[in-house]
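Could you walk me through this structure, stop by stop? I have it open in a viewer and would like to know what to select next.

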Amino acid sequence: MASNQECLLENGTSSEEEVHLGRTARQLSASALRKKSDPTLPNSVQNGHLRELLVNLQVVLLGTKLAVLLPTIPLSIFAVYYGFGKPWIFTLSLLALTLLAERISFLTEQISYYTGPTVGGLLNATFGNATELIIAISALSHGKVALLKYSLLGSVLSNLLLVLGTSLFCGGLANLRREQKFERRQANVNSLLLLLATFCHTLPMLLQYAGDSAATKDQTLQFSRAISILMLLSYIAFMFFQLWTHHGFFELQQVSEVDGDEDVEEEVAEIGFWSGFAWLFAVTAITALLSEYVVGTIEDASKSWGLSFSFLSLILVPILGNAAEHAGSIIFAFKNKLDISLGVSLGSATQVAMFVVPCCVVVAWIMGINMDLNFNLIETVSLALAVITTAFALQDGISHYVKGLVLIFCYIVIGICFFVFETPVDQLEAKITN
């Protein structure tokens with residue numbers, strides 16, 4: 001523990017307040033499901049290297065309340081090699097990804113203790129939606145652009161409507177006699193970027209009604225690639241805004257946490273710097289493997305369960321993929337800490353819409369796959385309505401349970417829509433260029 005504190009001092013993080021400021025809302029949210037490891041057994045080992053290994057294993061594998069899902073990782077691999085039914089493989093792999101997504105967040109946070117708040121923020125920007133990005137790349141490698149688009153759209157919708165709505169609803173009920181306020185400036189900036197993302201999705205969708213279908217399709221592809229680059233530049237500008245010029249907008253709640261946190265002693269690095277990188281690489285590799293299983297079995301699971309492909313990839317996959325982060329957001333809403341809840345839901349939605357989606361378009365371009373920003377009519381309208389409804393709900397900086405209830409109902413309406421109606425998959429399938 002002392003060596004970790006020394007490393008923090010060497011890297012310019014000289015006080016517990018700075019450590020708090022380095023933690024993002026999403027990291028604080030994910031930490032709500034973590035538990036303190038008991039060092040008694042590892043400390044009884046005499047060999048130093050073995051003791052360090054046991055401590056790392058205990059912290060990384062068992063330091064979360066989701067450790068009950070740990071057996072699903074070997075079971076998923078076992079199910080593949082012994083020819084289990086694909087619905088079983090899909091279910092086990094998706095549950096395992098729920099645990100791995102939380103562990104990636106934990107390991108990113110551990111590394112950020114040594115790098116300081118700025119680099120820590122950049123790490124979070126890179127790995128914050130690592131699960132979605134890995135599934136997206138896996139889907140691209142299989143040419144399944146339909147799955148890719150639905151899962152990314154589902155991630156944005158679930159964060160804006162389900163996660164934020166449930167947080168506002170539960171927080172409102174738990175604090176009926178107190179007025180719940182949040183940092184409106186943070187919400188306004190994220191809402192503005194989400195409106196920009198909606199703008200960039202709407203125009204490519206409208207182009208298909210503008211002229212000859214063959215010519216328009218190529219124009220839509222070229223247009224999508226161009227504005228994807230602009231979206232990435234916009235996200236870089238947003239990161240500069242968030243981490244340097246206006247970081248106070250996003251750190252206000254974390255400062256209050258320093259003033260009243262009961263568990264300050266827990267907020268130190270639990271594993272070493274290089275150990276964190278090694279574990280992050282290993283967990284990311286396992287996530288990539290299980291993402292391959294999910295991508296390869298989702299269509300068979302859809303047919304076996306009698307659920308539409310769009311409903312499964314738009315609703316189920318995003319919910320389970322970030323369940324730990326979402327649960328943490330709701331827990332903080334109960335504690336009347338809405339800035340953290342908003343930082344999770346809006347921050348994740350903004351990252352997917354403005355970073356992950358355009359990244360996938362650029363990566364598909366490099367791979368020779370035709371992926372555009374046209375998500376089809378119903379999907380694009382659902383995104384636009386979700387963003388506009390959320391922006392209206394957050395415009396006054398005050399929350400109550402009715403706002404959350406409305407957002408939840410909006411999500412249910414979208415879920416029912418895609419349960420009864422499925423956009424033909426072949427409309428979104430990638431065509432590999434020769």
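**Before you start.** This is a predicted model, in which local features need pLDDT of at least 70 and side-chain atom pairs count only at pLDDT 80 or more, while totals for chains, interfaces and linings use all residues. Residues are numbered from 1 along each chain as its sequence is written, and side-chain values use heavy atoms, with hydrogens and water left out.

**Stop 1: colour by confidence.** pLDDT is the predictor's confidence in each residue, from 0 to 100. The chain averages 78, and 76% of the residues score at least 70. Now select helix α2 (residues 16-21), where confidence is lowest at a mean of 40, and then helix α18 (residues 377-394), where it is highest at 93. Helices here are DSSP runs (H or I, at least four residues), numbered from the N terminus. Where pLDDT is low, the predicted coordinates should not be read in detail.

**Stop 2: α11 and α17.** Select residues 184-207 (α11) and 338-367 (α17): these helices pack at about 25 degrees, with axes 10 Å apart. Axes are lines fitted to C-alpha atoms, for helices over the stretch in contact, and angles run from 0 to 180 degrees between N-to-C directions. The two helices are therefore roughly parallel (under 35 degrees; over 145 is roughly antiparallel, 65 to 115 roughly perpendicular, and the rest oblique). Show side chains at the contact (heavy atoms within 4.5 Å): among them are Leu193 and His201 of α11 and Leu346 and Met354 of α17.

**Stop 3: α15 and α19.** Next select residues 309-321 (α15) and 401-420 (α19), which pack at about 140 degrees with axes 7 Å apart. That makes α15 oblique to α19. Ser310, Phe311, Leu314, Ile315 and Ile319 of α15 meet Tyr411, Gly415, Phe418 and Phe419 of α19.

**Stop 4: two rings in α14.** Finish at Trp274 and Phe277, which lie 3 residues apart in helix α14 (residues 273-305), about one turn of the helix. Their rings form a tilted aromatic pair, 6.1 Å centre to centre with 40 degrees between the planes. Rings of Phe, Tyr and Trp (its six-membered ring) pair if their centres lie within 6.5 Å; planes under 30 degrees apart are stacked, over 60 edge-to-face and the rest tilted.
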